[in-house]
Amino acid sequence: MVKARCPNCNSPTPELPASGVCKQCGSFSTDWFIYDWPAFVRFKRYHVVLNWIVLAMSLLSLLGNVYFGMASIGLWIASLFSFPAIYDLSNSYKALKSESNYQGHRSKDVTSWIPLI
């Protein structure tokens, strides 16, 4: 069972309703607050690993451009992926460090920018 809270009326529920309709106010939402710290940590650690992989690949493409004389625009563009990876990596580490400030998470908090590549 996962505890949840309605985003409209802030009423807590013992479980996340499958229909997305709050029993208190009757409003529909797909963006409920979910209270599941272990699942949140699992997603954030996965994001950390993926971001480190993206950073390593972007470093390799940058090294390929600079040191080996490859003048490919694709490799230069691949090295630009380091900026969102660093930003997401810092946010993930900050979220993992602040368990005492955890107030629940939404579905957008456990998504990553990586599928946009």
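Cys22 is buried, because its relative accessibility is 3%. In this predicted model, the closest cysteine sulfur to that of Cys22 belongs to Cys9, at 3.7 Å, which is too far for a bond. A disulfide requires two cysteine sulfur atoms within 2.5 Å, and by this rule the count comes to zero disulfides.

Cys25 is likewise in no disulfide. The nearest cysteine sulfur to Cys25 is that of Cys9, 3.7 Å away. With a relative accessibility of 37%, Cys25 counts as partly exposed, whereas Cys22 is buried at 3%.

## Gly20 in the loop between β2 and β3

Gly20 is placed in the loop between β2 and β3. The relative accessible area of Gly20 is 7%, so this residue is buried. When residues up to four places away in sequence are not counted, Gly20 touches Ser27, Phe28, Ser29 and Trp32.

Gly20 and Cys6 are 14 residues apart along the chain, and their C-alpha atoms are separated by 9.1 Å.

## The three-stranded sheet

Three strands form an open sheet in the order β2-β1-β3, and their pairing is antiparallel. The edge strands are β2, at residues 12-13, and β3, at residues 33-35; each of them pairs on one side only. In general, the strands of a sheet pair through backbone hydrogen bonds, in either a parallel or an antiparallel manner.

Strand β1 covers residues 3-5 and pairs with β3 in the antiparallel sense over three bridges. Within this part of the sheet, Ala4 stands opposite Ile34 in β3. A side-chain arrangement involves Arg5 and Phe33: Arg5 lies over the face of Phe33, at 4.2 Å from the ring centre.

Trp37 and Phe40 are both buried.

Phe40 also forms a tilted aromatic pair with Tyr102, at 5.4 Å centre to centre and 40 degrees between the planes. Phe40 and Tyr102 are both buried.

Tyr102 is located in the segment after α3. The relative accessible area of Tyr102 is 18%; a residue counts as buried under 20%, and Tyr102 is therefore buried. Leaving aside neighbours within four places in sequence, Tyr102 is in contact with Ile34, Tyr35, Asp36, Trp37 and Phe40.

As for a residue elsewhere in the chain, Tyr102 and Gln24 are 78 residues apart in sequence and 24 Å apart in space, C-alpha to C-alpha.

## Two residues of helix α3

Ser82 lies in helix α3, which comprises residues 82-97. Ser82 counts as buried because its relative accessibility is 13%. The side chain of Ser82 reaches the backbone oxygen of Ser79 at 3.0 Å. Apart from neighbours within four places in sequence, Ser82 is in contact with Leu55 and Ser58.

Ile86 is also placed in helix α3. At 47% relative accessibility, Ile86 counts as partly exposed, whereas Ser82 is buried at 13%. Ile86 and Ser112 are 26 residues apart in sequence, and their C-alpha to C-alpha separation in space is 12 Å.

Note on methods. Residues are numbered from 1 along each chain as its sequence is written. This is a predicted model: local features need pLDDT of at least 70, side-chain atom pairs count only at pLDDT 80 or more; totals for chains, interfaces and linings use all residues. Side-chain values use heavy atoms; hydrogens and water are left out. Helices (H or I, at least four residues) and strands (E, at least two) are DSSP runs, numbered from the N terminus. Buried means under 20% relative accessible area, exposed over 50%, partly exposed in between (1.4 Å probe, protein chains only). A polar contact is a pair of N or O atoms within 3.5 Å; within protein, one must be able to donate a hydrogen and the other to accept it, and residues adjacent in sequence count only if both atoms are side-chain atoms. Contact means heavy atoms within 4.5 Å. Two strands pair if DSSP finds at least two bridges between them. Rings of Phe, Tyr and Trp (its six-membered ring) pair if their centres lie within 6.5 Å; planes under 30 degrees apart count as stacked, over 60 as edge-to-face and the rest as tilted. A charge sits over a ring if NZ of Lys or CZ of Arg is within 6 Å of the ring centre and within 35 degrees of the ring normal.
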